[in-house]
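The sequence and model come first.

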Amino acid sequence: MLQRFDLVVFDWDGTLIDSTATIARSIQAAAADLGLPVPDFAQATHVIGLGLQDALARAVPSLPAERAQEFSARYRHHYFSAEDTLMLFDGASELIEALRAEGVPRAIATGKSSRGLERALQATGMTDLFDATRCADQTHPKPHPAMLLELAEEFDVAPNRVLMIGDTTHDLMMAGAAKTEAIGVTYGAHPREQLAALQPMALVDSLRELRRWLLRH
């Protein structure tokens, strides 16, 4: 692993923390609040990982532009009401700690806002476990390659020495556009067959399996 990659980048929602259902239900509840067509669960989960405005445009295409701010406020209301119940996936802390012990630089690339990620890292006790982060309000959101390219530049490593780990096709498409390697995790927002179609290096079914894969490679 140390010979192959100089930087390991993780998505957050659906990859390290079990938040997929909460995000999807918050999108559905916000649509209902505004009297708009409520997207089904598959639609709501498919947009996870995108920046909020892109996500809303895809999940609720009938949302009038002038009501986007109101929708965002209702989404945040529902999400914040459940935020304290969110838990890291089993093995998340151990994996990041193991990478730190091996001296592998670690970063996050997420569709969350920088404030939202800061709050999440504090709540889960992971603030000090990452060397850098990129959020959707700091640069181009996924699947644009900017997050990964900026992180590669920050750490002075070539893109092909970066490994992106995520649970959505947006993560894998971003990696492809940035010409980095990628691993898909199958327990998050997007189904295995959609991830497999983008031909990542590997698909793993748990963070413990991911840790074994990294140590083998």
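In what order do the six strands of the open sheet lie? The order is β3-β2-β1-β4-β5-β6, and the pairing is parallel. Strands (E, at least two residues) and helices (H or I, at least four) are DSSP runs numbered from the N terminus, and two strands pair if DSSP finds at least two bridges between them.

This is a predicted model, in which local features need pLDDT of at least 70, side-chain atom pairs count only at pLDDT 80 or more, and totals for chains, interfaces and linings use all residues. Residues are numbered from 1 along each chain as its sequence is written, and side-chain values use heavy atoms, leaving out hydrogens and water.

Strand β1 (residues 7-10) is joined to the parallel strand β4 (residues 162-166) by four bridges. V9 stands opposite M164 in β4. Helix α8 (residues 169-178) packs on the sheet and touches β2 (106-110), β4 and β5 (181-185); contact means heavy atoms within 4.5 Å.

R4 is found in the segment before β1. R4 counts as partly exposed because its relative accessibility is 37%; the class lies between buried (under 20%) and exposed (over 50%), with a 1.4 Å probe and protein chains only. Leaving aside residues up to four places away in sequence, R4 touches R161, E181, M201 and H217.

Terms used: Axes are lines fitted to C-alpha atoms, for helices over the stretch in contact, and angles run from 0 to 180 degrees between N-to-C directions.
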